[in-house]
Amino acid sequence: MTIAFLFFCNHLIYAFVDRTDKDEDVGFNYVGEDNRSFMRCDQYSESEIDSLERKFEDVMSKALTKREKVINSANFLVNLSHVIPYAHETYDKGYELAWKYTRKGLFLRSIVENGYLYPAWGCEILTPKELIGSVKDLGETYRVGFHCSSFIRWCLYNADAVSKNILEASRANDFGNFPGTKKLVLKKSLDKIRPGDLIYFYVDENNGHIALIIGVKGDVVTFVESARWDGHTDPRNGLRWRTFNKKTTDFDKYRFKYLIQMNEIYGD
C-alpha cells in the first residue's frame with residue numbers, strides 16, 4: 001500500500017551486507033530520489049537475463065546470514081536499470097504471479113504453467129474486472145510487479161528466512177504481529193534501526209503498508225518499498241528506495257509509525 005492509501009497499502013549489481021556508516025557504493029546514495037523509469041515487458045535480452053541471474057546467485061551466495069541475504073536481495077532489485085512496477089492484488093485465477101512472485105530468483109522471463117501464461121515483471125496484463133473502477137487511472141491493463149508485502153515476502157523467501165506457505169500470504173498487516181518479530185514505536189526506537197528490519201504503518205484491519213530497511217548512514221536511513229501513490233499512473237509508484245532522516249523527520253506526522261525488529265526471524 002502507499003501514502004495515497006493512508007486512509008486505506010544500470011545492470012551493475014553490488015553485493016550488499018549490513019552496511020552502517022560506511023562509504024561503499026551500494027547502488028543508492030542516501031540522498032536524492034530513485035527516479036528510474038518503469039520496467040517494460042522484454043526489458044532485457046536473453047543474454048542480459050542470463051547475466052542478471054548469475055549475478056543474483058553470486059550476490060546471494062556471498063551473504064553469510066539470513067539478514068544479509070534479505071538485504072542483498074532487496075538491494076539487487078533497486079540496482080536494476082528499471083523499476084519493477086507496483087501490481088494490484090487480485091485473487092482471480094491465472095493472476096497468482098502477477099503481484100506476488102512466489103518463487104526464488106528473478107521473474108524476468110514469462111512462465112507457462114498449468115495451462116496459464118504468467119507474464120514476467122513489467123509485462124502488461126488484462127485488469128481483472130474486480131479492480132476496474134476501484135483504482136484511480138487504472139485502465140484495461142496493468143504491469144506485473146510487486147504488492148508492498150509480496151516484495152517483503154519474496155526477499156524473506158530468497159533468504160530462506162520463511163517457508164513457502166508464509167510466502168503465499170499477502171497482507172502488510174500480517175507483519176504487525178508476525179511470529180518471531182518485535183514491534184516498536186519508530187520515533188522511540190531510532191537508535192535500534194538495523195538494515196534488514198521493517199518499517200510499518202497500520203490504517204485499519206484491512207489496510208497497512210510495509211517496507212524494508214537496507215541502509216543506515218549516520219542519521220539517514222534508506223529503505224525499499226513497493227508503493228502506489230496518487231493513482232495507478234503516478235511516476236513515484238513501484239519498487240523504489242527512499243530515505244528519511246532520524247533528526248529532521250517529524251515522526252508524529254511521518255507515515256511509518258513502527259519498527260519491526262527481525263532478530264528472531266534471522267536468528268541473530
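**Entry 1: helices over the sheet**

I began with helix 2, residues 66-78, in this predicted model. Helix 2 lies across strand 7, strand 8 (220-227) and strand 9. I read its angle to strand 7 as about 95°. Next I looked up helix 3, residues 148-158. Helix 3 lies across strand 6, strand 7, strand 8 and strand 9. Its direction makes about 50° with strand 7.

In what order do the six strands of the open sheet stand? I traced 5-10-6-7-8-9, with antiparallel pairing. Strand 5 (182-185) and strand 9 (238-245) are the edge strands, and each pairs on one side only. As a reminder to myself, strands of a sheet pair through backbone hydrogen bonds, either parallel or antiparallel.

**Entry 2: strand 6 and its two partners**

Strand 6 covers residues 198-204 and strand 7 covers residues 207-217. Six bridges pair them in the antiparallel sense. How many residues lie between strand 6 and strand 7 in their hairpin? I counted two. Aspartate 204 has asparagine 207 of strand 7 opposite. I also noted phenylalanine 201, whose bridge partner in strand 7 is histidine 209.

I then turned to strand 10, residues 258-261. Strand 10 runs antiparallel to strand 6, and three bridges join them. Here I found isoleucine 199 opposite leucine 259 of strand 10.

**Entry 3: helix 1 against helix 2**

I went back to helix 2 for its packing with helix 1, residues 46-62. The two axes come within 9 Å and cross at roughly 155°. Angles over 145 degrees count as roughly antiparallel, so helix 1 is roughly antiparallel to helix 2. I logged the crossing of helix 1 and helix 2 as right-handed.

Which residues of helix 1 meet helix 2? I listed Leu52, Lys55, Phe56, Val59 and Met60. On the helix 2 side I listed Lys69, Asn72, Ser73 and Phe76.

**Entry 4: serine 81**

I located serine 81 in the loop between helix 2 and strand 1 (111-113). Is serine 81 buried or exposed? Its relative accessible area is 17%. The cut-off for buried is under 20%, so serine 81 is buried. I then looked up its side-chain partners. The side chain of serine 81 makes a polar contact of 2.9 Å with that of tyrosine 44. Its side chain also makes a polar contact with the side chain of histidine 82, at 2.8 Å.

**Entry 5: leucine 117**

I ended with leucine 117, found in strand 2 (residues 116-118). Its relative accessible area is 55%. Exposed means over 50%, so leucine 117 is exposed. Which residues does leucine 117 touch, not counting those up to four places away in sequence? I found Ser110, Ile111 and Val112. I also looked up glycine 94, which is 23 residues from leucine 117 in sequence. Their C-alpha to C-alpha distance is 7.5 Å.

Technical notes: Residues are numbered from 1 along each chain as its sequence is written. This is a predicted model: local features need pLDDT of at least 70, side-chain atom pairs count only at pLDDT 80 or more; totals for chains, interfaces and linings use all residues. Side-chain values use heavy atoms; hydrogens and water are left out. Two strands pair if DSSP finds at least two bridges between them. Helices (H or I, at least four residues) and strands (E, at least two) are DSSP runs, numbered from the N terminus. Contact means heavy atoms within 4.5 Å. Axes are lines fitted to C-alpha atoms, for helices over the stretch in contact, and angles run from 0 to 180 degrees between N-to-C directions. Buried means under 20% relative accessible area, exposed over 50%, partly exposed in between (1.4 Å probe, protein chains only). A polar contact is a pair of N or O atoms within 3.5 Å; within protein, one must be able to donate a hydrogen and the other to accept it, and residues adjacent in sequence count only if both atoms are side-chain atoms. Angles under 35 degrees count as roughly parallel, over 145 as roughly antiparallel, 65 to 115 as roughly perpendicular and the rest as oblique. A crossing is left-handed if the near helix is turned anticlockwise from the far one by less than a right angle, and right-handed if clockwise.
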